[in-house]
Amino acid sequence: MKNAKAAPQLLFLTGNAGKLREIQAALPEVRAWDVDLPEIQSVDPRRVIEAKLLEATRLLPGQRLMVEDTSLSLDALGGLPGPLIKWFIADGSLGLEGLADVAAARGNLQARATTWIGLLEPSATGLSLRFFEGTVRGRIVRPVGQSGFGWDPIFQPEGADKTFAQMTPEEKTRFSMRSLALDALRKAWEHG
């Protein structure tokens, strides 16, 4: 990263220990800021990220901030739940079994996992907001595996014979949409 000593610390807005571990594996210098911010609901994750970052910078001006949003989009549901996935798998909702049942009943197990990372940095002209995306295709399976978090037990990425929840952290990194988004962020830093 260019001018890392001159730049303020990079804070990752999250209370999710699993996401933090995966981010810090790629970017060890990142620190977590577990702050409770309102989250708008939108099928466009960039809008969700931007709203969070702008609220966070109001609370902590001049700080470099990062937010990540991960979506699971089922072809059987026309791309839903997307960024609304946490509401679909929350207690009292469809849950992981229910999502797998819906995909199977509709005869389409194909899915797309996408991570968007938003990076907000102070600049000479105000604030600079950039987005980085990573997407992997895969399929929905019956819940299996104990590792990971969220919907990891029902997503099996293309080219893998395991769900994210069955993989070691190293295996998951090889297939992960989060890794692809982080690679895009690192490349942007390397090229100024």
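A charge is said to sit over a ring if NZ of Lys or CZ of Arg is within 6 Å of the ring centre and within 35 degrees of the ring normal. This is a predicted model, where local features need pLDDT of at least 70, side-chain atom pairs count only at pLDDT 80 or more, and totals for chains, interfaces and linings use all residues. Residues are numbered from 1 along each chain as its sequence is written, and side-chain values use heavy atoms, with hydrogens and water left out.

Q: What makes Lys172 sit over the ring of Phe164?
A: The charged end of Lys172 is 5.3 Å from the centre of that ring, and the cut-off is within 6 Å. Arg46 does likewise over the face of Trp116, at 4.8 Å from the ring centre.

Q: How many aromatic pairs are there?
A: Rings of Phe, Tyr and Trp (its six-membered ring) pair if their centres lie within 6.5 Å; planes under 30 degrees apart are stacked, over 60 edge-to-face, and the rest tilted. That rule gives 4 aromatic pairs.

Q: Why is the pair of Trp116 and Phe131 called edge-to-face?
A: Their ring centres are 6.3 Å apart and their planes stand at 85 degrees, so edge-to-face it is.

Q: Why does Trp116 count as buried?
A: Buried means under 20% relative accessible area, exposed over 50%, and partly exposed in between (1.4 Å probe, protein chains only). Trp116 has 14% relative accessibility, so it's buried.

Q: Why does Phe131 count as partly exposed?
A: Phe131 comes in at 28% relative accessibility, so partly exposed is the word.

Q: What makes the pair of Trp151 and Phe155 edge-to-face?
A: Their planes are 85 degrees apart, with 5.7 Å centre to centre.
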